[in-house]
Amino acid sequence: MSEYSAGNKFTKRFLIAYAVIFAVAIGLRFALLGGSLLDDAQADLALQALNIKNGNSVTLSGEPGYLVLTALQFFIFGASNFMARFWPALFGSLLVLVPWLYRDRLGQTSTLLVAALLAVDPILIGSSRTAMGISLAISGLLAGLGFWRQKRWLPAGVCLGSALLGGVEFWPGLLGIILLFLVIRTISASSSISNHVHFSLASGWLVLSASALITWLAIGTLFLAVPEGISAFGNSLVTYFSSFLKNGRYSIASLSLAGLILELPIIIVAFWSLVEGFVKGDKVKKILGLWWGLTLILALLEPGNGLFSYSWVSLPMIVLAALQLTAFFSDLQVENPWVLIAEITLVAAMVIFSFLNLLNLVNNDFLTAEDTRNRMIGTFLPILLLIAMTVLFAWGWSVESARKGFVLGFLILFGAGLLANSWKSAGLGSRPQQELISASPAVVGQKELMSTVQELSRWKTGTATEIDLQIAGLASPSLQWALRDYPHLITTDFFFPGIGSSIVLTPISSSIQSQTSYRGQVVTWTSQPILDGITVKEFLRWAFFRSAPTHNTQILLWARNDLFPGVVIP
């Protein structure tokens with residue numbers, strides 16, 4: 001076979017592998033996308049997009065790209081949970097293609113590994129399934145820089161212009177890259193980077209800036225049909241800096257621990273890569289480590305946004321991990337493959353046995369003292385046996401084969417754990433309301449509420465959506481979004497008895513004073529896990545089973561008595 005044929009065959013395999021990775025990314029981001037409900041933060045943006053679509057006057061928040069594109073989507077296909085999340089899921093999937101632009105520096109194997117980790121990263125999956133513009137910001141900025149490296153000014157400008165519309169989370173990404181560049185310039189004695197940058201900008205700045213500006217105006221204002229998009233861009237910057245150290249529903253410690261659990265496999269490999277990079281003096285890994293530290297600091301400055309503000313932190317970790325995995329798999333040849341296979345099997349068996357005992361210890365509140373002792377022995381003893389057997393394999397047969405089998409066994413287990421976290425972050429687990437990607441509480445009571453409202457509406461009007469409703473004293477965008485198809489819905493700050501609404505929704509602490517009699521029903525509307533102040537055992541239970549104490553918010557659904565058969569208004 002000729003050299004050209006061999007290279008062509010390898011390229012085909014590379015493209016097929018990339019296509020499979022892209023398909024996995026699409027599947028994890030679009031699977032049951034419309035099944036999960038919009039929380040208050042997402043519903044607020046979806047309602048703004050719906051108002052744009054309906055031609056209503058609206059003050060746009062700092063997510064111009066998401067709002068305008070989603071409004072266009074609503075105009076064509078109608079408003080739904082799926083359509084509200086379509087663009088974030090699409091741009092989150094396209095992020096997997098961005099490493100292709102850096103393949104000349106990464107190499108083909110590292111490019112595939114970076115793409116694969118981007119496809120299954122739990123935090124990136126969760127943020128891609130959130131009705132916000134962070135996916136547009138990340139994909140647009142990294143793609144724009146990739147095209148800029150290749151001096152392809154037009155696509156670079158289009159991508160960077162799109163990234164500017166990514167909303168609040170565009171700014172920590174841009175700020176992290178600027179700070180990284182400034183630090184490198186400060187500590188580097190070489191001026192070659194500076195000269196290259198000036199040359200690139202001097203030769204293509206006009207096309208890049210013009211295309212970025214046109215893209216920003218065209219998408220952000222929908223070709224000037226929504227001029228409010230210009231002010232929304234400024235609002236995003238103000239919102240970002242005002243969010244610094246703003247208290248959220250979770251403490252920094254709780255969010256950091258939750259992020260550590262979700263990203264633990266990638267963090268371990270990335271830290272291994274970083275340590276090795278410092279030992280060997282690898283400049284690329286040092287730069288990635290610096291970027292990792294800067295993005296982490298910026299994420300810690302805005303704890304009120306949930307885990308999706310850690311999305312930028314995932315990027316340098318993923319590249320570091322991919323580089324280390326590439327180096328490991330490129331040198332996987334061993335002198336004794338049977339020792340390698342035996343060590344992998346031993347690692348899997350001992351760790352799984354230890355993990356099962358730990359699960360039983362964490363998930364059982366009724367263990368006796370003796371059972372607790374046995375489970376703790378069952379947790380630690382397999383690890384000690386694993387260490388002892390690995391030493392024997394290395395001493396009696398092959399140190400290199402035992403070492404590589406030990407590492408490869410744990411990498412396989414890390415991959416399984418990462419996929420499990422990815423599945424949960426996609427909202428496909430048994431308790432999606434326990435995830436922390438968004439800081440807003442998850443909506444859990446829509447099915448109960450809608451079944452009652454639709455039943456009363458059919459009884460009174462003959463259709464499911466024609467009954468008149470009043471939301472009184474409830475600042476809940478998620479509730480308004482759930483009832484968006486009801487044309488006779490009104491929202492008031494207080495209950496007005498003179499309106500005589502058939503159904504009234506109020507806070508749980510409110511009571512209705514009216515000449516018309518009503519009967520009430522309690523609905524648990526939102527639920528949110530409590531991680532602050534819980535025990536280690538409770539936190540481990542959340543980490544393994546997504547089962548933690550919850551804070552529930554209830555509302556009251558009041559129905560006028562004359563809606564029920566045989567009852568008249570007194």
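This is a predicted model: local features need pLDDT of at least 70, side-chain atom pairs count only at pLDDT 80 or more; totals for chains, interfaces and linings use all residues.
Leaving aside neighbours within four places in sequence, A89 is in contact with R29, F30, L33 and S128. The relative accessible area of A89 is 0%, and because buried means under 20% relative accessible area, A89 is buried. Along the chain, A89 and S517 are 428 residues apart, and their C-alpha atoms are separated by 46 Å.

When residues up to four places away in sequence are not counted, I21 touches V96, L112, A115, A116 and A119. The C-alpha atom of I21 is separated by 17 Å from that of L106, a residue 85 places away along the chain.

The strands are considered next. An open sheet of 6 strands is present, in which the order is β1-β5-β6-β4-β2-β3 and the pairing is mixed. Its edge strands are β1 (442–443) and β3, each of which pairs on one side only. Within this sheet, strand β2 comprises residues 469–472, with L469 and I471 pointing one way and Q470 and A472 pointing the other way, and all of these residues are buried. In a regular strand, the side chains alternate between the two faces of the sheet.

With strand β3 (residues 489–492), β2 runs parallel and is joined by 4 bridges, and the bridge partner of A472 in β3 is T492. In β4, I503 is the bridge partner of L469, while V504 stands opposite Q470.

Antiparallel pairing is found where β6 meets its partners. Strands β4 and β6 pair in the antiparallel sense over 5 bridges, and V504, the residue of β4 that stands opposite Q470, has W558 as its bridge partner in β6. Strand β5, made up of residues 518–529, likewise pairs with β6 in the antiparallel sense, over 11 bridges, and here the bridge partner of V522 is L556 in β6.

With a relative accessible area of 36%, K151 is partly exposed. R546 is likewise not a glycine and has a positive phi, of about 55°, and its position is in the loop between α21 and β6 (550–560). In terms of accessibility, R546 counts as buried, at 2%.

Rolling a probe the size of a water molecule over the atoms shows where empty space is left. In the second largest pocket, this space amounts to about 930 Å³. The pocket is lined by 24 residues, and those closest to its centre are L264, V351, F355, G417 and F544. Two or more lining residues come from each of the elements α13 (252–280), α16 (337–363), α17 (369–396), α18 (399–425) and α21 (536–545). Helix α18 gives the most to the lining, with 8 residues. By residue class, the lining of the second largest pocket divides into 19 nonpolar, 4 polar and 1 charged.

Key:
Residues are numbered from 1 along each chain as its sequence is written. Side-chain values use heavy atoms; hydrogens and water are left out. On a 1 Å grid over the protein atoms alone, a cavity is a set of points where a 1.4 Å probe fits but cannot get out, and a pocket is an open set with protein on both sides within 12 Å along at least five of seven lines; lining residues have an atom within 4 Å of a point. Grid points are joined across faces, edges and corners, and a volume is the space filled by probe spheres set on the points. Ala, Val, Leu, Ile, Met, Phe, Trp, Tyr, Cys and Pro count as nonpolar, Asp, Glu, Lys and Arg as charged, and the others, Gly among them, as polar. Contact means heavy atoms within 4.5 Å. Buried means under 20% relative accessible area, exposed over 50%, partly exposed in between (1.4 Å probe, protein chains only). Two strands pair if DSSP finds at least two bridges between them.
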